[in-house]
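Subject: Structure for you to look at, with notes

Dear colleague,

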Amino acid sequence: MSVDAERSSTVTKPTAFVAGATGYTGREVVRLLAQSGVDTIAHIRPNSSRLDEYTPRFESYGAQVDTTPWDENEMCECMSELQPDIVFCLIGTTRARKQAADNPNNNTYHAVDFKLTELLVHACQQAEIQPRFVYISAIGVGPNATTSYMKARWMAERSVVESQLPYTVVRPAFISGPGRGESRPGERVAAAVGDAVLEALGALGAKKLRDRYASMTNTELAEHLVALALSPDAANTVVDAYDLRHRD
Ligand SMILES: NC(=O)c1ccc[n+]([C@@H]2O[C@H](COP(=O)([O-])OP(=O)(O)OC[C@H]3O[C@@H](n4cnc5c(N)ncnc54)[C@H](OP(=O)(O)O)[C@@H]3O)[C@@H](O)[C@H]2O)c1
């Protein structure tokens with residue numbers, strides 16, 4: 001065996017755990033990770049309406065599917081067993097999902113976007129692993145958040161940043177494009193109108209504004225997330241869409 005062949009046979013592949021794998025962004029993260037040779041575990045909650053559709057899809061990419069319930073002890077056991085090098089947290093509810101849920105109180109931004117992110121952070125800590133924790137937040141999130149969505153995202157960000165885990169927090173604007181498979185007319189119109197205005201402002205010189213607030217497709221964002229997760233330089237950083245669009 002040549003030295004290079006021997007070296008490549010001994011290099012271990014990273015393992016990535018993707019929470020929110022069935023989401024618009026998550027499904028592309030799973031596909032791109034598996035395609036780039038990362039051992040990929042797509043997490044789908046056991047009661048997900050998308051379990052039957054997405055299990056064969058992810059397996060066809062070469063990913064494994066894990067259905068551990070969102071329970072801190074069970075998730076801790078799962079982290080101990082899988083020992084992921086990277087954990088993506090790409091979950092989030094919406095007002096429509098909350099209204100459609102059997103128990104709306106379990107589907108608030110606080111209960112899902114914050115508490116489940118915090119649960120995953122605690123599971124990693126209790127399993128005594130140090131994966132890169134990659135979290136999707138949203139543009140405009142900060143300590144002065146006023147809406148319940150922004151407050152939950154800020155609390156989730158704090159739980160990640162203060163966890164002592166290496167982290168990468170990404171704050172995109174709208175994530176919009178083809179193939180969402182879920183009707184979100186308000187979001188699509190706002191993204192299209194916003195992009196048109198930002199394009200015009202960019203032509204007048206406001207390029208930084210345009211590059212921070214213009215929408216991204218799920219594939220574009222997933223490409224950035226995977227690259228950041230695998231980049232040592234992106235550890236312990238909080239980046240927005242401008243930073244993503246201007247990475248070397
Ligand atoms: N859409 C945007 O324009 C935008 C902009 C900025 C930031 N973000 C944030 O970026 C993240 C990814 O966005 P996206 O549009 O790709 O997400 P998405 O398509 O809405 O997917 C959300 C994911 O969260 C999971 N989820 C929802 N409710 C849950 C619950 N109660 N328990 C466990 N899992 C639950 C879903 O699983 P099931 O399939 O099982 O329901 C799905 O995998 C979200 O956190 C979102 O808030 C979105």
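A salt bridge here is a side-chain nitrogen of Lys or Arg within 4 Å of a carboxyl oxygen of Asp or Glu. Before I use that term, please note that this is a predicted model, in which local features need pLDDT of at least 70 and side-chain atom pairs count only at pLDDT 80 or more, while totals for chains, interfaces and linings use all residues. Residues are numbered from 1 along each chain as its sequence is written, and side-chain values use heavy atoms, with hydrogens and water left out.

The two domains

The domain assignment of the protein chain, whose bounds come from an automatic or database assignment, gives domain 1 as residues 11–172 + 216–243 and domain 2 as residues 183–215. The C-alpha centres of domain 1 and domain 2 lie 26 Å apart. Eight residues from domain 1 and seven residues from domain 2 take part in the contact, where contact means heavy atoms within 4.5 Å.

How much area is buried between domain 1 and domain 2? The value is about 650 Å², of which carbon and sulfur atoms give 57%; buried area is the accessible area (1.4 Å probe) that two parts lose on being put together, summed over both. On the side of domain 1, Ile139, Met216 and Tyr242 lose the most area to domain 2, and together they account for 65% of what that side buries.

Across the interface of domain 1 and domain 2 the rule finds one salt bridge. Arg212 forms a salt bridge with Asp240, with the closest N and O atoms 2.4 Å apart. The rule for polar contacts (a pair of N or O atoms within 3.5 Å, where within protein one must be able to donate a hydrogen and the other to accept it, and residues adjacent in sequence count only if both atoms are side-chain atoms) finds two residue pairs across the interface of domain 1 and domain 2, both at pLDDT 80 or more. By class, the side of domain 1 that touches domain 2 has four nonpolar, two polar and two charged residues; for this count Ala, Val, Leu, Ile, Met, Phe, Trp, Tyr, Cys and Pro are nonpolar, Asp, Glu, Lys and Arg are charged, and the others, Gly among them, are polar.

Salt bridges in the whole structure

Side chains of opposite charge can pair when their charged atoms come close. The structure holds twelve salt bridges, and one of them joins Arg153 and Asp113, whose closest N and O atoms are 2.7 Å apart. Arg153 lies in helix H7 and Asp113 in helix H6, so the pair ties together parts that are 40 residues apart in sequence; helices (H or I, at least four residues) and strands (E, at least two) are DSSP runs, numbered from the N terminus. Both Arg153 and Asp113 are buried, where buried means under 20% relative accessible area, exposed over 50% and partly exposed in between (1.4 Å probe, protein chains only).

Arg171 and Glu157 also meet through their side chains in a salt bridge, at 2.8 Å from N to O. This pair links distant parts of the chain, with Arg171 in strand S6 and Glu157 in helix H7, 14 residues apart. Glu157 is buried, at a relative accessible area of 1%. Arg210 forms a salt bridge with Asp211, the closest N and O atoms being 2.9 Å apart, and Asp211 counts as buried because its relative accessible area is 11%. A network of salt bridges links Arg180, Arg184 and Glu187.

Single residues to look at

Which strand holds Thr40? Thr40 is found in strand S2 (residues 39–43), and it is buried, with a relative accessible area of 3%. The side chain of Thr40 reaches the backbone oxygen of Val38 at 2.8 Å. Leaving aside neighbours within four places in sequence, Thr40 is in contact with several residues, among them Ala16, Val18, Leu33 and Gln64.

Ala229 sits in helix H10 (residues 218–230) and counts as buried because its relative accessibility is 6%. Apart from neighbours within four places in sequence, Ala229 is in contact with Ile86, Phe88, Arg132 and Val134.

Glu128 has a positive phi of about 55° although it is not a glycine, and it is found in the loop between helix H6 (109–126) and strand S5 (132–136). Glu128 is exposed, with a relative accessible area of 71%.

With kind regards
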